[in-house]
Amino acid sequence: MSKQRIAIIGGGITGLAAAFYLEKEIKQGNIDAEYALYEGSGRLGGRIQTDYQDGFVIEKGPDSFLARKTSMSEFAKDVDMNEDLVDNHSGSFILHHHTLHPMPEGAVMGIPTKIMPFAKTKLFSPMGKARAACDLVLPKTNNGQGDESLGHFFRKRLGNEVVDHLIEPLLSGIYAGNIDQLSLQATFPQFQQMENKYRSLIIGMKTQRAQNQTKTARPKNEKDSKPKGMFLTFLGGLQSFVDRIEERLDSGSVHKNKALLEMNKLEDKYELLFEDGTKDTVDRIILTTPHQQAFKLFEQEKFMKYLGDIPSTSVATVALAYPKQAIKKDIDGTGFVVSKKSGYTITACTWTHKKWVHSAPEGYALLRAYVGRAGDDSIVNMTDEEILGKVKEDLDHIMKIEGDPLFYRIKRWKEAMPQYEVGHLEQLQKVRQGLSEAYPGIDLVGASYNGIGLPDCVDQGKAAVKRLVTS
């Protein structure tokens, strides 16, 4: 039997994970194959983009990943970068009605686990707090009914006020979406599982948090008592991780500036045609491109229609560098998210120099604001000057900033945030079933499908390799 040729389409984090772990399996003799990683642009990393200027480390895309999802940390260890990992400083706020409210202590993804901080916060009215407390006595609300929206699920458990003031800005910040349309099963299925197991979200979250704290408790003689942050990144920025992965890959297998134009099915192989006129013939394909690009390759197939229908939100990140003394209202924390009804253009702001101390030189501040949300992303199409003006106006109102930034960076991400709406997983299963029958040997993975976080993408890339090896 001849050696298989496998193409990995897309050099974002999903494609990089697939390439790295596939190469590892090949070297270990677990699969008789060769591979080619094709990336349409001149660089690897996809939405991971780090800029460096005058000692600042500026992330234009994601800035970190969840520590509890261990696949990224394991990947870092596999490329000898685990010593470069750093966790975040914590302390965030909710901006509601022109006031910054500290995140209630013990709130996990907006779900309270401590009574007193929740009772004392001014973020909710007494009626709102009482309604949220009903979660402690309410029966299960889903009862195996299948998928529903995040908003619908949380409103039943905790009431509208807690959802609108706390949960919505937190969860919408992750997906840049409308939580009343986002799928519970496709985004946070653990909450439905928690309700099924504990009945109450508050009881379930409190129980799980206590169990996790017990598992990760430091020895009594441990000198460093600083609590660990929820997120991790790299001292040299996320781009340093991409660069290290690229160094570890076989250079002859990595091909940049190779945008896939067309794919034709032969008898039991696939012919790939690239924009530069070159071709390749392969046996198997791991397709990691965004859903819009995947749809164009198969738009003649009815079973792929769902990929063309998946809505996507456009967002932009706006990084601004200042001398610290320019910020007249210094706040002890790492940033804030904005509740939708507060009347601001920005949806969130990270005080990056406080969240990640390596990101700015001593004496300087680095702020990163976000604009664009589901149903209201027109600002992303404005000029740099217009976007900067609106962001500065909002930040000045909150933080009293004097003068213009030393420099700024605006990065637009057009239709970059796929919206996993209710029924996403069911529709995706139909797409994959149709693809498997009509185009065997093509695996569809990436941020458009089963999780947009970096660890989720790594997991998908590794799973695709496992399917190759075991098939």
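Student: Which strands each supply at least two residues of the lining of the largest cavity, and which of them gives the most?
Tutor: This is a predicted model. Two strands, β4 (56-59) and β18 (364-371), each supply at least two residues of that lining. With 3 residues, the strand that gives the most is β4.

Student: How many residues line the largest cavity, and which lie nearest its centre?
Tutor: The lining of the largest cavity comprises 13 residues. By class, 5 of these are nonpolar, 5 polar and 3 charged. Those nearest the centre are Val57, Glu59, Asp63, Thr352 and Trp356.

Student: How many cavities does the model have, and what volume does the largest have?
Tutor: Counting cavities of 30 Å³ or more gives 2. The space in the largest cavity is about 120 Å³.

Student: Which residues line the second largest cavity?
Tutor: The second largest cavity has a volume of about 30 Å³. Its lining divides into 4 nonpolar, 1 polar and 2 charged residues. They are Ile327, Asp330, Ile331, Trp351, His353, Lys354 and Met399.

Student: Back to β4: which residue there is the bridge partner of Thr50?
Tutor: Strand β3 (residues 50-53) runs antiparallel to β4, and 4 bridges join the two. Thr50 has its bridge partner in β4. That partner, also among the residues nearest the centre of the largest cavity, is Glu59.

Student: What phi does Asp54 have in the turn of the β3-β4 hairpin?
Tutor: The hairpin leaves 2 residues between β3 and β4. Asp54 lies in that turn, and its phi is positive, at about 50°.

Student: Where are Asp80 and His98 placed, and what are their phi values?
Tutor: Asp80 is in the loop between α2 and β6, and phi there is positive in a residue other than glycine, near 60°. His98 is in the loop between β7 and β8. Although His98 is not a glycine, its phi is positive too, at about 70°.

Student: How many bridges join β7 to β16, and what is the bridge partner of Ser92?
Tutor: Strands β7 (residues 92-96) and β16 (residues 335-338) run parallel and are joined by 4 bridges. The partner of Ser92 in β16 is Gly335.

Student: What is the strand order of the 3-strand sheet, and which strands are at its edges?
Tutor: This open sheet is antiparallel, with the order β5-β9-β6. The strands that pair on one side only are the edge strands, β5 (65-66) and β6 (85-87).

Student: How is α1 set against α2: oblique or roughly parallel?
Tutor: Helix α1 (residues 13-27) and helix α2 (residues 71-78) pack with axes 12 Å apart, at an angle of about 50°. Angles under 35 degrees would count as roughly parallel, and those of 65 to 115 as roughly perpendicular. The crossing is left-handed. Because of that angle, the relation of α1 to α2 is oblique.

Student: Which residues lie nearest the centre of the second largest pocket?
Tutor: The second largest pocket holds about 250 Å³ of space. β14 (284-287), α15 (424-438), β20 (442-444) and α16 (454-470) each supply at least two residues of its lining. The lining divides into 8 nonpolar, 3 polar and 4 charged residues. Nearest the centre are Arg284, Gly441, Ile442, Asp443 and Arg467.

How values were computed. Residues are numbered from 1 along each chain as its sequence is written. This is a predicted model: local features need pLDDT of at least 70, side-chain atom pairs count only at pLDDT 80 or more; totals for chains, interfaces and linings use all residues. Side-chain values use heavy atoms; hydrogens and water are left out. On a 1 Å grid over the protein atoms alone, a cavity is a set of points where a 1.4 Å probe fits but cannot get out, and a pocket is an open set with protein on both sides within 12 Å along at least five of seven lines; lining residues have an atom within 4 Å of a point. Grid points are joined across faces, edges and corners, and a volume is the space filled by probe spheres set on the points. Ala, Val, Leu, Ile, Met, Phe, Trp, Tyr, Cys and Pro count as nonpolar, Asp, Glu, Lys and Arg as charged, and the others, Gly among them, as polar. Two strands pair if DSSP finds at least two bridges between them. Axes are lines fitted to C-alpha atoms, for helices over the stretch in contact, and angles run from 0 to 180 degrees between N-to-C directions. Angles under 35 degrees count as roughly parallel, over 145 as roughly antiparallel, 65 to 115 as roughly perpendicular and the rest as oblique. A crossing is left-handed if the near helix is turned anticlockwise from the far one by less than a right angle, and right-handed if clockwise.
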